[in-house]
Amino acid sequence: MKLAIKDLKGNPAGELDVTFEVIETGRGTQAVHDTVVAFMAGQRSGTACAKTMGEVNGSGKKPWRQKGTGRARAGSFASPLWRGGGVVHGPKPRDFSKKVNKKVAKLSLRKALSERLKAGDILVVDEFKLAAAKTKEFAGVLRNLGVDGGTVLVVVAAADAAVERASRNILGVGLATATSVNTYELLRYDKLVFTKEAFAKVEARLAD
């Protein structure tokens with residue numbers, strides 16, 4: 001498979017050979033599911049916490065005597081039935097993260113990239129160097145490439161402060177490096193824009 005390379009003005013700048021094995025069958029679908037679920041679970045802070053009867057602040061004294069008052073029996077001010085009382089089976093801090101096998105993670109990345117390639121959602125640019133670190137400059141590049149109508153993920157070879165500064169105020173635009181981009185990001189955006197060097201680095205990750 002070959003991918004057309006464009007410059008930042010949208011003009012043809014050559015072709016790129018896809019060297020990794022594109023998955024043509026249904027293989028890898030479950031790996032993608034497991035990896036995305038694990039990623040989203042890892043984003044949860046897990047800090048929700050509710051106090052039990054033994055943790056709420058208050059006296060341990062019995063509110064009133066057991067019999068003779070005409071009221072229902074009460075043994076604690078911390079009763080879950082009372083305002084300010086403890087919570088039954090409430091949330092406690094926990095770790096939501098899930099373990100994903102390295103081979104599963106690599107298979108899911110290959111599968112996601114394969115599907116986006118087959119769908120024609122990947123563009124490759126020669127390089128992503130801006131004349132100035134300005135939002136207007138970045139938006140102009142997206143317009144030249146024809147990807148300004150929806151969400152787009154730009155994948156560069158290494159972190160670039162100028163590109164990051166220029167892209168952060170544009171709604172629906174994400175930025176990732178070749179070493180950090182993951183399956184979730186590859187599936188989330190409408191279009192993916194890779195630099196030639198970044199695409200080669202992602203292919204190297206799949207070949208290890």
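Tutor: Happy to! Glutamate 203 is buried yet forms no salt bridge, and the nearest side chain of opposite charge, arginine 110, is 8.6 Å away. Here buried means under 20% relative accessible area, exposed over 50% and partly exposed in between, with a 1.4 Å probe and protein chains only. A salt bridge needs a side-chain nitrogen of Lys or Arg within 4 Å of a carboxyl oxygen of Asp or Glu. For charges, Lys and Arg count as positive and Asp and Glu as negative, while His and the chain ends are not counted.

Before going on, a word on the model: it is predicted, with local features needing pLDDT of at least 70 and side-chain atom pairs counting only at pLDDT 80 or more, while totals for chains, interfaces and linings use all residues. Residues are numbered from 1 along each chain as its sequence is written, and side-chain values use heavy atoms, leaving out hydrogens and water.

Glutamate 203 sits in helix α6, residues 196–207. Helices (H or I, at least four residues) and strands (E, at least two) are DSSP runs numbered from the N terminus. Setting aside residues up to four places away in sequence, glutamate 203 touches Asp17, Val18, Thr19 and Phe20; contact means heavy atoms within 4.5 Å.

Valine 156 counts as buried because its relative accessibility is 6%. Beyond its neighbours within four places in sequence, its contacts are Phe128, Leu175, Ala176, Thr177, Ala178, Thr195 and Ala198. Phenylalanine 199 is 43 residues from valine 156 in sequence, yet their C-alpha atoms are 8.3 Å apart.

Just after α3, glycine 146 takes a positive phi of about 75°.

Stepping back, the protein has six helices and six strands, running β-β-α-α-β-α-β-α-β-α-β-α from the N terminus on. Of its 208 residues, 38% count as buried. Among contacts between residues at least 6 apart in sequence, 70% join residues at least 24 apart. Along the principal axes, the C-alpha atoms fill a box of roughly 95 × 40 × 25 Å.
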